[in-house]
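Hello,

Here is the structure I said I would pass on. My notes follow below it.

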Amino acid sequence: MEASVADNRKGLLTADLVPSRPRWAAWPALVVALGLLLAGTAAAGAQDAAVLANARCSGCHGEGGNNVDSFFPRLAGQQKDYIISRLKGFADVKRVDLHAQFFMTTTAMRLSQAQVESLAAYYAKVPVASPPPGDSALSKRGEVIYSRPTANANGKPCIACHGENALGAGAVPRLAGQHADYLERQLALFKVGLHRNDVAHANVKNLIADDIVALAAYLEHL
Ligand code: HEC
Ligand code: HEC
């Protein structure tokens, strides 16, 4: 797709510069072509991000970040600032766990700041595919734990930071619609201190395995 955008632009310009035509005849068309190019810059920015995402990210994260393989997190509808901060974290090898490093570090290191920002803006706007229906009893239990005050821990409840419908905000990630397997893995990593970040997630440390499964089931089907 990248090639076709570039080809179209090249086509526009070269078609107007064919040497067999008188030189003066090319000028008005060239001015028009230039105007079209400038007008198209904003739209092209969004299109370029989609092209980049397809080329470098979709293989694992699925088209538009709506993948079905639960091994890889969904990116569709994720908070822009969170994506930016995660990509920075992946690029800093001292901060990430080995699993994340294996999959994401090289990819993240190859992105320029401008590419990071445009990819984050792109994924934040992709409509989120609705998940299949889940086990409602388990989800209900997860919902209770999600909003539970600091009953079994010294941290805040999840809802205090991740929000009422788990949509996240700014650097706090959206959890709604994320694959349960992935969420369970991240919660397990928090517990052992392997997904490192500035938030201690002290509240997660005391969650038992059953709580984690219920939370993940609730969040996946939100
Ligand atoms: C080879 C597979 C692969 C490719 C290609 C890939 N990713 Fe990832 N990505 C992963 C895996 C696996 C994880 C989960 C890592 C973990 O467990 O923390 C991940 C995690 C992420 C996260 C964190 C998501 C979250 O909810 O915390 C972001 C953001 C991300 N990738 C963005 C990208 C972008 C943008 C691209 C393209 C430039 C990309 N990835 C390409 C495999 C991949
Ligand atoms: C004090 C605010 C706060 C509270 C309370 C909190 N979180 Fe978080 N959570 C965050 C932030 C900030 C991040 C992003 C960390 C990073 O940059 O990697 C995060 C990340 C996560 C992630 C990783 C998401 C991803 O896409 O990789 C999961 C899962 C998660 N939180 C679940 C929970 C659950 C479940 C609870 C309640 C038991 C909870 N959090 C409570 C702030 C909070």
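Leaving out neighbours within four places in sequence, L183 has contacts with L175, Q178, A216, L219 and E220. Please keep in mind that this is a predicted model.

L183 also belongs to the largest nonpolar core, which has 20 residues. L183, L187, L215, A216, Y218 and L219 are those with the most contacts inside this core. At least two of the core residues come from each of α8 (136-147), α10 (180-191) and α12 (209-220). The biggest contribution is that of α12, with 7 residues. Another core lies apart from this one; it has 13 residues, including A49, A53, L87 and A120. As background, nonpolar side chains in soluble globular proteins tend to be buried together.

Next, the ligand. Ligand 1 is surrounded by 19 residues, and the closest are R56, C57, C60, A100 and F103. Two or more residues of this shell come from each of α4 (58-61), α5 (80-91) and α6 (98-109). Helix α6 gives the most, with 5 residues. Sorted by class, the shell around ligand 1 holds 13 nonpolar, 4 polar and 2 charged residues.

Last, D81, which sits in helix α5. D81 counts as partly exposed because 16 other C-beta atoms lie within 10 Å, whereas a buried residue would need 20 or more. Setting aside residues up to four places away in sequence, D81 touches G170 and A171. The C-alpha atoms of D81 and V172 are 8.1 Å apart, although the two residues are separated by 91 residues in sequence.

Regards

How values were computed:
Residues numbered from 1 in each chain as written. Chains lettered and ligands numbered in written order. Predicted model: local features only at pLDDT ≥ 70, side-chain atom pairs only at ≥ 80, totals over all residues. Core = buried A, V, L, I, M, F, W, Y, C linked by C-beta atoms within 7 Å. Buried ≥ 20, exposed ≤ 12 C-beta atoms within 10 Å, placed from the backbone. Helix = DSSP H or I, 4+ residues; strand = E, 2+ residues; numbered from the N terminus. Contact = placed C-beta atoms within 7 Å. Near = placed C-beta within 6 Å. Nonpolar A, V, L, I, M, F, W, Y, C, P; charged D, E, K, R; others polar.
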